Amino acid sequence: MRLKDKVALITGGGSGIGRASALLFAQEGASIVVVDVDDAAGHETVRMVEAQGGQAMCVHADVSKGTDCKNMVMVAEQVYGRLNILFNNAGILDSHDDDAVNTEEEVWDLTMAVNLKGVFLGCKYGIPALRRAGGGSIINTASFVALLGAATPQVAYTASKGGVLALSRELATVHARENIRVNALCPGPLRTELLMKILDTPEKRRRRLVHIPMGRFGEAQEVAQAALYLASDDSSYVTGAAFVVDGGITGAYVTPE
Ligand code: NAD
């Protein structure tokens, strides 16, 4: 077991990457704190972890709120005694996110609050807990759009993920000698709720798929496997990385016919 006796807090644990990671981390021996704004989804993940014989609990938190983030970390320590892995994964992609001219300020502000401030707040309250545990691993979900621009714009989302990547590098450097590793996970387009509700026609999906060398969307499970590597001691010399899991997009210029 790669996470035996570890405690992992996963934000956005009610769906997609977060849920797949909760299930996988629990299989590897971790106790899971599932954090989500959607209580029903969070509880369903807990039920699924328990059904496979694992240990999990659910905490309601909106990651854009400091009091909620402080509380989720406090509950994790109270219930399981420590925090070893902090997976700041919750994120949103607003359907009205567009180019600079057409994106409303409200869309920009909300996207930044959840995707970027949410990661900052998770670290603000999570890092002291990791210190108390003698160190740990932080994984922040950025995106391949932190590395590449697209002509199908979503400027608030892209800027927020660029921020997550820069923030992760800096925190990795600051905390490197405290036995705290910080890495940014950069998934490509996934077949999860977040993207599929935006790519809601075959034509929109085709427009994306043409840029993916592997010719398909990724699965949450495939990103969870990468998160497991970053969470575990297998990645003991990896920090400050932009860990790309994208079906080859960022390596490609012209994709296969
Ligand atoms: P998802 O929509 O399936 O799951 C996201 C979860 O986060 C949901 O359960 C939702 O309720 C929760 N959430 C939303 N706002 C929250 C908040 N304020 N506080 C707490 N929880 C909140 O999405 P996913 O595809 O699993 O995405 C997870 C992460 O991966 C996000 O950060 C996303 O930006 C990133 N990502 C996704 C893709 C993709 O193609 N799906 C690609 C690259 C990066």
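1. Buried means under 20% relative accessible area, exposed over 50%, and partly exposed in between, with a 1.4 Å probe and protein chains only. On that scale F243 is partly exposed at a relative accessible area of 25%, and Y229 is partly exposed at 26%. F25 and F87 are both buried.

2. A word on the basis: this is a predicted model, where local features need pLDDT of at least 70, side-chain atom pairs count only at pLDDT 80 or more, and totals for chains, interfaces and linings use all residues. Residues are numbered from 1 along each chain as its sequence is written, and side-chain values use heavy atoms, leaving out hydrogens and water.

3. Rings of Phe, Tyr and Trp (its six-membered ring) pair if their centres lie within 6.5 Å; planes under 30 degrees apart are stacked, over 60 edge-to-face, and the rest tilted. The count comes to two aromatic pairs. F25 and F87 have ring centres 6.3 Å apart and planes at 20 degrees, so they are stacked. Y229 and F243 form a tilted pair, with 5.6 Å between centres and 40 degrees between planes.

4. A ligand oxygen is 2.6 Å from a side-chain N or O atom of Y157. Ligand nitrogen atoms lie 3.0 Å from a polar backbone atom of V63 and 3.4 Å from one of A61.

Technical notes
Polar contact = N/O pair within 3.5 Å; in protein donor to acceptor, adjacent residues only side chain to side chain.
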